[in-house]
Amino acid sequence: MVSGAIDDILKAVELILAKLLDELNIKDNDDVEPRTKVRLIVSNSSCGSIIGKGGATIKSFIEGSQAGIKISPQDNNFYGLNDRLVTVTGTLDEQLRAIDLILSKLCEDSYYSQAMHAPFSYAATYNSMSYAPNGAGVKFPNHKEDHSNSITIGVSDEHIGLVLGRGGRNIMEISQVSGARIKISDRGDFMSGTNDRKVTIMGSQRAIHQAESMILQKVANASERVMD
């Protein structure tokens, strides 16, 4: 995550991407700069400003930067993670021009300023953040132990909203604090013979234990309030 004024961010990104190019030993062939991919996480609510009416804005960004820009479909696999990946393909200069255009546009968007203050909880969920030369998948995943275990617990359908929180805020916080990856079954998909939704927790044993405790505490707090 890079934060700061736009010019500072662009300089930092330039240094990072140039270093990655160097580390990946991508050499210029016949004076042709390598075209690589970099992915940006942008909240779904702000993607509309990048796309523009009928795709006009993103087309102008592609023409202006000469970079390829693609926005992923919204990923509904994880509750509360309402973000999309913006993939920028091109030479370093083309990517920087595109990122400049995208950031400048986002700064005009009211949703973006709100999103900047949201918890950043991608350590456990977006392991596909990659810097891929020529489309090859170069990934920087978490340590293996983080995904070595999983458990599934049941949470009553009436209490699942408390676990999720408004806009998925609670589940994001639990994931961020514990380091576990959490997936909740769809409506109507219950644990056998119950009205409990399936809550699957993945990660290291410590992460799972902490996430489970936090989830059960949310439910317990709600039950105590009802009794009062």
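1. A term to start with: two strands pair if DSSP finds at least two bridges between them. Helices (H or I, at least four residues) and strands (E, at least two) are DSSP runs numbered from the N terminus. In this predicted model, asparagine 149 has glycine 203 of β7 as its bridge partner. The two strands β5 (residues 149–156) and β7 (residues 196–203) pair in the antiparallel sense over eight bridges.

2. Strand β7 also pairs with β6 (residues 181–184), again in the antiparallel sense, over four bridges.

3. A word on the ground rules. The model is predicted, so local features need pLDDT of at least 70 and side-chain atom pairs count only at pLDDT 80 or more, while totals for chains, interfaces and linings use all residues. Residues are numbered from 1 along each chain as its sequence is written, and side-chain values use heavy atoms, with hydrogens and water left out.

4. On confidence: pLDDT is the predictor's confidence in each residue, from 0 to 100. The chain averages 78, and 74% of the residues score at least 70. Please read residues 123–147 with care: the pLDDT there is below 50, although the stretch has 57 contacts in the model (heavy atoms within 4.5 Å) beyond near neighbours in sequence.

5. Buried means under 20% relative accessible area, exposed over 50%, and partly exposed in between (1.4 Å probe, protein chains only). This core has 25 residues, of which Val86, Val88 and Ile102 touch the most other members. Its largest share, seven residues, comes from α4.

6. What does valine 86 contact, leaving aside neighbours within four places in sequence? Its partners are Val38, Arg39, Leu40, Val42, Ile69, Lys70, Ile71 and Ile102. A second, separate core of 17 residues includes Ile171, Ile184, Ile201 and Val219.

7. Finally, threonine 91, in the loop between β3 and α4. Threonine 91 counts as buried because its relative accessibility is 10%. Not counting residues up to four places away in sequence, threonine 91 touches Glu33, Pro34 and Arg35. Threonine 36 lies 55 residues from threonine 91 in sequence, yet their C-alpha atoms are 6.3 Å apart.

Definitions and conventions:
A nonpolar core is a set of buried Ala, Val, Leu, Ile, Met, Phe, Trp, Tyr and Cys residues joined through side-chain atoms within 4.5 Å.
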